[in-house]
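Here is a short briefing on a structure that may be new to you. Look over the sequence and the model first, then read the points below.

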Amino acid sequence: MVFDFLWSRSEPNFCGVIALIDYGAGNLRSVHKALLHLGAEVRLVTQPDQLEGCPAIVLPGVGAFDDCSTALNNQSLMEATRERIRQGAWFLGICVGYQILFERSEEFESTSPGFGLFEGPVVRFPNQPGLKVPQIGWNQVRQVRSNCPLFHGIPDQSHFYFVHSYHPQPVDSAIIAGETDYGHTFASAVWQDRVFATQFHPEKSQRAGLRLLKNFVELV
Amino acid sequence: MDLQIPSHSQFAESLVFELGMMDTMRYVPCMLARRVIPCLDVHDGQVTRGVQFGKAEAGELRNVGDPVELAMRYNDQGADEMVFFDITASAHARASMADVIQRAADCCFMPLTVGGGIRSVEDMSIMLKAGADKVSINSAAIAHPDLILQGARKFGSQCIVVSIDAKKTGSDQWEVFSHGGRKATGMDAMQWAKRAVELGAGEIVLNSIDADGTKAGYDLEITRRISEATSVPVVASGGAGNLDHMAQVLEEGKADAVLAASIFHFGEYTVEEVKQHLQSRGIPVRLNAEIA
């Protein structure tokens, strides 16, 4: 369908095409629509060879770390995506697509590996009286690195939409691009070279979110 | 980190959490914005509003417009989320509702919840695939509590909202009603809310049958009790007549979000006006930032 149409086109036209990984994530459609709304060319990717020729990859995600890990491995997409990142592809991970970049999750009964691209566990919010978990709603992101291109044109402390019970704890604090307070302070966005990832959902964050996605699309 | 509490605001103080007995012990204020959520009651693809509970089904409706157009308007006003509620809930209506959600999701990049007539995991799946972020279940969850568990297992707790219609039946007693507030269930609202969360509900929408449509204010007491007794966000619904009602249910009622319909549909207040008022009372809200 859409994919067949894209696939049938000649290689040079693939410049700037964003590979959107389709492994059954709940927010796939929203991310897809938001990228199209911004004028991006998007290819839905369900198998490794479809990553060929795409300079950028977006990995959406909602739900459980294990489901994401298992689905990506079943479609042989984890290794292929990791390889493309190694080769210098631009990458944006969203929510579980952010968490999966780390080694492992402390999510209940989780045994599946993540990408291991960044060091650190994925932990749950602490049990605190009055702290509601999952965090559902709009929270502020403190931009801790002034030059992060993802936040270009977005005021510091802008609100983004979060839905999650877990979050990564990067060992290397130098990769942290955004911080958010909820019970404690956690890394809500990371950036290293061409790899970006957010715990919040830009595709659901109205103007601020669309601007962030636009920034990513324009980098590519 | 230093403890910083704006001394003028008791509200902010109540939102400060103490981290446990770890060596990293510190205080971090929780600035999660309180959400303002317009609710669109959809009847055969059109937004309608009944005056009081159950009246919509009896045909006493006021038509207020196309749901997607309204959704876009609220999106522009900076609504934090939108709820589409199917008040017809027939098989035919479900298909048109999926279409409404799909069209809304194409142009509104914000969280969307759909409720009304969702009776199975399959129904949930249809709505989530159409572009909803959450599904709200009510009577079906009462009849089959297992549905909460199945939905949470398949889609995650964050997707599963349990909506509770509660009516005050004694000085200290609130009873759960099903079928759009028409059928008494004999269940205690507090107990049901706790059970729903145990089963995997990620959010509770508490709708006061007594207050709904009266514009006399939310039921603060039951909202506060359920909010304090559960570990998930509580959305207050039913009874908003003015801006102070909304502030009250967030402060005294300890709600995490306010849901309202007619106050927005008839143009009495915009979402932005509500938020500005809440902010003036020291309640954290998300105001539309100037982003090109």
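Chain B holds 11 helices and 14 strands; helices (H or I, at least four residues) and strands (E, at least two) are DSSP runs, numbered from the N terminus. This is a predicted model: local features need pLDDT of at least 70, side-chain atom pairs count only at pLDDT 80 or more, and totals for chains, interfaces and linings use all residues. Residues are numbered from 1 along each chain as its sequence is written, while chains are lettered from A and ligands numbered from 1 in the order in which they are written.

**Confidence**
- pLDDT is the predictor's confidence in each residue, from 0 to 100.
- Chain B has a mean pLDDT of 84, with 82% of its residues at 70 or more.
- Within chain B, helix H7 (residues 189-199) scores highest, at 97, and strand S1 (residues 16-18) lowest, at a mean of 37.
- Where pLDDT is low, the predicted coordinates should not be read in detail.
- For the complex, the predictor gives an ipTM of 0.83 and a pTM of 0.85.

**Where chain B meets chain A**
- The contact takes 41 residues from chain A and 34 residues from chain B; two residues are in contact if their C-beta atoms, placed from the backbone, lie within 7 Å.
- On the chain B side, strand S2 (27-29) and helix H3 (91-107) are the elements giving two or more residues.
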